[in-house]
Amino acid sequence: MHHFASRGFSSLLVAGLLLGLIGACKPLPETIPPAAKTTADPPPPASPRLIAVEPAATAPPEDPAFQSWLEELAREARTLGIRDSTLAAALQGLQPLPQVVTHSRQQAEFVLATSEYVRRMVSEHRIREGRRHRDLHANLLQEVEEKFGVPHSVLLALWAIESDFGQGRMRYPIVDALATQAYQGRRQSFFRKELLAALTILDQEHLQREDLRGSWAGATGQVQFLPSSYLAYAVDFNGDGQRDIWNEPADILASAANYLVRAGWKKGLNWGMEVSRPAGFDPSLAGLDQRRSPSEWRQLGIREASGPDDRSLALLLPDGATGPAFLVSDNFRTLLRWNRSIAFALAVSQLAERIAEQPTTGASSSFFAETPEKTRLP
Ligand SMILES: [Ca+2]
């Protein structure tokens, strides 16, 4: 269970990453504080030179404390059975990544409303790419869906949101990113455990440190598994002996499906539905822990509540009492085991429906109606 819970990233964190990337494109300040200059300094160069400057990108000064921390880490890794040769290659020249520290500190500064987050995630570009990949991998998707019982549209939506089908989120070598956070981040014991899992992956899968790429937060591969989740749930679906979630669509899709099944995915159960509320509806009836049958919700005035009465549905008001309302099923809760953010699970659900061309929330949805043009992600 801890694997599922520990994998979560909040929408704030995701949004922080996006905005962090946008922020990284901003030009650097052109002036240097006078105290830092000598009188002999030439005038500042024209701004184009500044664009190429990556602030403190590499090679911070040698940090003896970090080196002894690494040695201690290596001792623990050896007790887990990780080979010396793997450790030597993986830890050679390892340094904290300043960019990772920056991202980690910035994450709480960016807050997006759920509606805005979903609009950004469910872009026309992603819907088109989702359908293209659906056609490209039609046979494979059918095999995976038959074996695991997870709709292929949900798998495509996860693949799209996590990495744009492998185009994004592979920026950092995650051993470096995890070491940075384990050494100086805010959740050191969590990241240390993930770092040891990453070293185990290098050892078991005969990978090099550079092969294991992912996000600054340490999730890796095209469906963004934390290393501990990889070890527990990744699947070799094409049978070549490697669980390759970085390159191999069969392994990527089956690993995502296996994760959801192990998290409790129920075959044939829809995520839920957008609903409207009667005038004077009591917003205190909302919340994931307040589950009622469809007929109970209808009695409370939610007339769109449908489905067999053995279902338990929870009402969500993600943007507050005046925003959109959703009744969500147990499979929506399973998506929350992938990522604890309600905004994330809504985005996956909405994108899956649109890739499948069966949207239950149409143009009239409060999520999609008011946006003049869908936001493209970089
Ligand atoms: Ca494989």
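A: This is a predicted model, in which local features need pLDDT of at least 70, side-chain atom pairs count only at pLDDT 80 or more, and totals for chains, interfaces and linings use all residues. The mean pLDDT of the protein, where pLDDT is the predictor's confidence in each residue from 0 to 100, is 82, and 77% of the residues reach 70 or more. Residues are numbered from 1 along each chain as its sequence is written.

Q: Where is the pLDDT below 50?

A: Residues 1–58 have a pLDDT below 50, and beyond near neighbours in sequence this stretch has 56 contacts in the model, a contact being two residues whose C-beta atoms, placed from the backbone, lie within 7 Å. Residues 370–378 also stay under 50, with 13 contacts beyond four places in sequence. Where pLDDT is low, the predicted coordinates should not be read in detail.

Q: How much of the protein is buried?

A: Buried residues make up 41% of the 378 residues. A residue is buried if 20 or more other C-beta atoms lie within 10 Å of its own, exposed if 12 or fewer, and partly exposed in between, with the C-beta atoms placed from the backbone.

Q: Which residues touch the most other members of the largest nonpolar core?

A: Those are Ala-347, Val-348 and Leu-351, in a core of 87 residues; a nonpolar core here is a set of buried Ala, Val, Leu, Ile, Met, Phe, Trp, Tyr and Cys residues joined through C-beta atoms within 7 Å. Helix H17 (residues 342–355) gives the largest share of this core, 10 residues. In soluble globular proteins, nonpolar side chains tend to be buried together.

Q: What is Leu-351 in contact with?

A: Leaving aside neighbours within four places in sequence, the contacts of Leu-351 include Met-121, Val-122, Arg-126 and Ile-127, as well as Ala-157, Ala-160 and Ile-161.

Q: Switching to H14: why call it largely enclosed?

A: Because 11 of the 14 residues of H14 are buried, this helix is largely enclosed by the rest of the structure. The buried residues include Pro-249, Asp-251, Asn-258 and Tyr-259, and what covers them includes helix H9 (138–148), helix H10 (152–163), helix H13 (227–233) and helix H16 (330–338).

Q: What span should H14 have?

A: H14 (residues 249–262) should span 20 Å, and the end C-alpha atoms are 20 Å apart, which agrees; the expected span is 1.5 Å times one less than the number of residues. H14 is followed by Gly-264, which has a positive phi near 110°.

Q: And H11, how many of its residues are buried?

A: In helix H11 (residues 174–184), 10 of the 11 residues are buried, so the helix is mostly covered. Among them are Asp-176, Thr-180 and Gln-181.

Q: Now the open sheet: what is the order of its strands?

A: The order is S3-S6-S5-S4, with antiparallel pairing among the 4 strands; two strands pair if DSSP finds at least two bridges between them. Strand S3 (272–275) and strand S4 (291–292) each have a single partner strand and stand at the edges, so one side of each is left without a neighbour in the sheet.

Q: Which way do the residues of S6 point?

A: Ala-325 and Leu-327 point one way and Phe-326 and Val-328 the other, and all are buried. In a regular strand the side chains alternate between the two faces of the sheet. S6 (residues 325–328) pairs with S5 (residues 313–316) over 3 bridges, where Ala-314 stands opposite Val-328 and Leu-315 has Leu-327 as its bridge partner. S3 and S6 pair over 4 bridges, and Val-275 is the partner of Ala-325.

Key:
Helices (H or I, at least four residues) and strands (E, at least two) are DSSP runs, numbered from the N terminus.
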